[in-house]
Amino acid sequence: MFVDHFLDAVNRAVAGLDRAQIDAMAQVLAGRREAGGRLFIIGVGGSAGHASHATNDFRKICGFEAYCPTDNVSELTARINDEGWEGTLSTWLETSRLKAEDALLVFSVGGGSVEPPVSANIVRALQLAQQRGSAITGIVGRNGGFTAQVADACVVIPTVDPQLITPIVEGLAAVVWHLLVSHPALSLHKGHWEQIAPVEAPAAE
């Protein structure tokens with residue numbers, strides 16, 4: 001049954017997550033926030049949707065000054081038209097005066113690659129972050145690609161089924177970022193439903 005196969009693969013991927021890297025990412029991001037840095041969250045395709053959603057969470061729950069470069073469709077398409085797709089994210093970050101106190105959070109299934117060139121716009125954004133001394137974090141899949149190579153902390157969703165790479169990576173990326181915004185090192189405010197949920201007594205042993 002495919003449902004069983006898919007959920008079994010998800011369970012195996014969760015079991016293979018590097019817990020220490022998740023905690024390290026929380027600490028890196030918390031340090032940049034305390035230093036007054038901003039958080040730029042980037043992704044393309046489905047990961048652009050993740051980046052937009054996560055920007056809300058990091059702002060509202062964690063009190064981070066966070067931005068998603070792909071949220072402004074007018075600026076994004078103008079940069080694609082005038083500067084080309086590869087430079088869209090790096091030029092956006094240059095205009096935003098990316099600095100050493102800031103951090104990047106990358107959502108990407110493959111993590112980007114210099115050679116062969118894959119997700120070159122993410123690679124160029126990361127190269128700019130390296131030049132500026134900004135912290136680099138990521139939630140990626142497969143072998144993590146360029147993101148994992150240059151990141152200060154990076155969570156690589158393990159490949160447990162080569163036919164289910166994208167859905168499992170993108171699904172668990174959402175789980176990991178929700179873990180991060182709930183992490184004591186980052187969380188400043190409870191979500192709406194956590195605020196109104198009744199306090200229940202612990203179950204008797």
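**Note on the predicted model**

1. At 38% relative accessibility, asparagine 72 counts as partly exposed, where buried means under 20% relative accessible area, exposed over 50%, and partly exposed in between (1.4 Å probe, protein chains only). This is a predicted model, in which local features need pLDDT of at least 70 and side-chain atom pairs count only at pLDDT 80 or more, while totals for chains, interfaces and linings use all residues. Residues are numbered from 1 along each chain as its sequence is written, and side-chain values use heavy atoms, with hydrogens and water left out.

2. Asparagine 72 sits in the loop between β2 (66-67) and α4 (73-83); helices (H or I, at least four residues) and strands (E, at least two) are DSSP runs, numbered from the N terminus. A polar atom of the asparagine 72 side chain lies 3.1 Å from the backbone nitrogen of serine 74, and a polar atom of that side chain also lies 3.1 Å from the backbone nitrogen of glutamate 75.

3. Glutamate 75 also forms a salt bridge with arginine 79, with the closest N and O atoms 3.0 Å apart; a salt bridge is a side-chain nitrogen of Lys or Arg within 4 Å of a carboxyl oxygen of Asp or Glu. Arginine 79 forms a salt bridge with glutamate 83 as well, the closest N and O atoms there being 3.2 Å apart, and these two residues both lie in helix α4, four residues apart, or about one turn of the helix. Within it, arginine 79 counts as buried at 12% relative accessibility, whereas glutamate 75 at 25% and glutamate 83 at 42% count as partly exposed.

4. By the salt-bridge rule the count comes to six. One of them is formed by the side chains of arginine 38 and aspartate 102 (2.7 Å, N to O). Because arginine 38 lies in the loop between α2 and β1 and aspartate 102 in the loop between α5 and β3, the pair ties together parts that are 64 residues apart in sequence. Both arginine 38 and aspartate 102 are buried.

5. Some backbone details deserve a careful look. Serine 119, in the loop between β3 and α6, has a positive phi of about 50° although it is not a glycine, and at 26% relative accessibility it counts as partly exposed. Arginine 97, which is not a glycine either, has a positive phi of about 55°; its place is in the loop between α5 (88-95) and β3, and at 65% relative accessibility it counts as exposed.

Note on methods
A polar contact is a pair of N or O atoms within 3.5 Å; within protein, one must be able to donate a hydrogen and the other to accept it, and residues adjacent in sequence count only if both atoms are side-chain atoms.
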